[in-house]
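Subject: Structure for you to look at

Hello,

Please open the structure below and keep it beside you while you read. My notes on it follow.

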Amino acid sequence: MLALEGVCAGYGQSRVLESVGISVAEGEAVTLLGRNGVGKTTLLRTIVGLHPAEQGIIKLNNEDITDFPAYKRARKGIGYVPQGRGIFPHLTVDENLRTGFASLTGRTGGERETIPKYVYELFPLLNRVAARKGGVLSGGEQQQLALARALVAQPKLLILDEPTEGIQPSIVQQIEEALREIRTRLKIAILLVEQYLDFAWSIADRFYVMRSGRIIDEGNPREREPGSVIHWLNV
Ligand SMILES: Nc1ncnc2c1ncn2[C@@H]1O[C@H](COP(=O)(O)OP(=O)(O)OP(=O)(O)O)[C@@H](O)[C@H]1O
Ligand SMILES: [Mg+2]
């Protein structure tokens with residue numbers, strides 16, 4: 001479904017990504033692991049169209065999307081939950097969810113656009129707090145809102161940047177269950193950047209390890225011990 005070949009990107013003179021090649025198959029869950037600052041967020045932003053690739057090709061379902069703007073990639077089925085969640089603190093939960101339509105249309109979804117039912121089924125909490133401002137929610141609630149917002153646009157591939165960062169362990173479990181549902185029931189493929197190794201290991205069909213902007217290892221969590229990659233992480 002998603003395939004990158006030789007992708008290079010950086011900031012000004014400084015090269016961050018060095019010839020990255022990764023793929024995600026339809027319905028697959030893939031995790032990208034690596035220490036702070038190795039280029040994980042830069043890679044995700046390059047995939048979703050928020051950062052330019054200097055070299056290489058990004059393909060979605062065999063179509064070259066390397067030069068597509070972000071909204072066009074969203075329309076093609078790429079959903080994105082950024083690091084730090086990126087919700088709007090002064091908008092209500094319902095209004096935040098409606099901004100999910102904007103990734104497709106370039107404008108916020110009005111009253112007439114209906115939030116897909118499965119969004120509330122997956123996150124019943126959001127129904128109860130629909131009128132509250134995003135900013136008053138707990139970290140875990142905000143993460144659920146960020147995930148739900150990405151689902152509003154009905155993506156085929158969901159890209160998540162450290163969804164468990166700064167979230168208490170009991171809520172991490174809820175997010176793990178939601179991701180499982182997203183995969184198995186909604187059949188949405190997942191590309192997950194994660195520092196929390198147990199979480200990544202239990203969800204993913206495949207992993208990649210990044211170091212200094214390069215992919216240095218890949219494998220199947222069912223066939224590999226988490227200990228074999230732990231020295232490449234911050235833990
Ligand atoms: N806007 C920017 N301008 C210049 N350099 C940047 C910018 N954003 C990131 N960098 C640099 O690019 C490198 C990779 O950063 P990136 O955020 O992609 O790493 P990361 O793996 O996501 O880290 P973390 O685990 O801390 O989120 C780092 O050296 C960082 O300092
Ligand atoms: Mg990051």
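Which residue is the bridge partner of A3 in β3? The partner is S23.

Some ground rules first. This is a predicted model, in which local features need pLDDT of at least 70 and side-chain atom pairs count only at pLDDT 80 or more, while totals for chains, interfaces and linings use all residues. Residues are numbered from 1 along each chain as its sequence is written, and chains are lettered from A and ligands numbered from 1 in the order in which they are written.

Strands around β1

Helices (H or I, at least four residues) and strands (E, at least two) are DSSP runs, numbered from the N terminus. Two strands pair if DSSP finds at least two bridges between them. Strand β1 covers residues 2-11 and runs antiparallel to β3, residues 23-24, with 2 bridges joining them. Another antiparallel partner of β1 is β5 (residues 55-60), joined to β1 by 5 bridges; here C8 is paired with Q55. With β2 (residues 14-20), β1 pairs in the antiparallel sense over 4 bridges. In that pairing G10 stands opposite R15, and A9 has L17 as its bridge partner. β1 and β2 form a hairpin with 2 residues between them, and G12 in the turn has a positive phi of about 60°.

Most residues other than glycine have a negative phi. N61 is not a glycine, yet its phi is positive, about 50°. N61 sits in the loop between β5 and β6 (63-64). R85 is not a glycine either and has a positive phi of about 80°; R85 lies in the loop between β7 (78-81) and α3.

Are these two buried or exposed? A residue is buried if 20 or more other C-beta atoms, placed from the backbone, lie within 10 Å of its own, exposed if 12 or fewer, and partly exposed in between. N61 has 13 such atoms, so N61 is partly exposed. R85 has 22, so R85 is buried.

In α3 (residues 93-105), the residues V93, N96, L97, G100 and S103 are buried. Seen down the axis of α3, these buried residues fall within an arc of 105° (taken from the directions from the helix axis to the C-beta atoms), so they line one face of the helix. An α-helix has 3.6 residues a turn, so residues three or four places apart point the same way. The cover over the buried residues of α3 includes α2 (70-75), α4 (117-122), α5 (124-128) and α6 (139-152).

A nonpolar core is a set of buried Ala, Val, Leu, Ile, Met, Phe, Trp, Tyr and Cys residues joined through C-beta atoms within 7 Å. The largest one has 61 residues, and A148, L157, I159 and I190 have the most contacts inside it. Helix α6 gives the most to this core, with 7 residues. Leaving aside neighbours within four places in sequence, L157 is in contact (C-beta atoms, placed from the backbone, within 7 Å) with residues including M1, V24, I78 and I188.

Ligand 1

The residues around ligand 1 (C-beta atom, placed from the backbone, within 6 Å of it) include Y11, V16, K40 and Q83. Helix α1 (residues 40-48) supplies the largest share of this shell, 3 residues. By type, the shell divides into 3 nonpolar, 7 polar and 1 charged. Ala, Val, Leu, Ile, Met, Phe, Trp, Tyr, Cys and Pro count as nonpolar, Asp, Glu, Lys and Arg as charged, and the others, Gly among them, as polar.

Regards

Technical notes:
Two residues are in contact if their C-beta atoms, placed from the backbone, lie within 7 Å.
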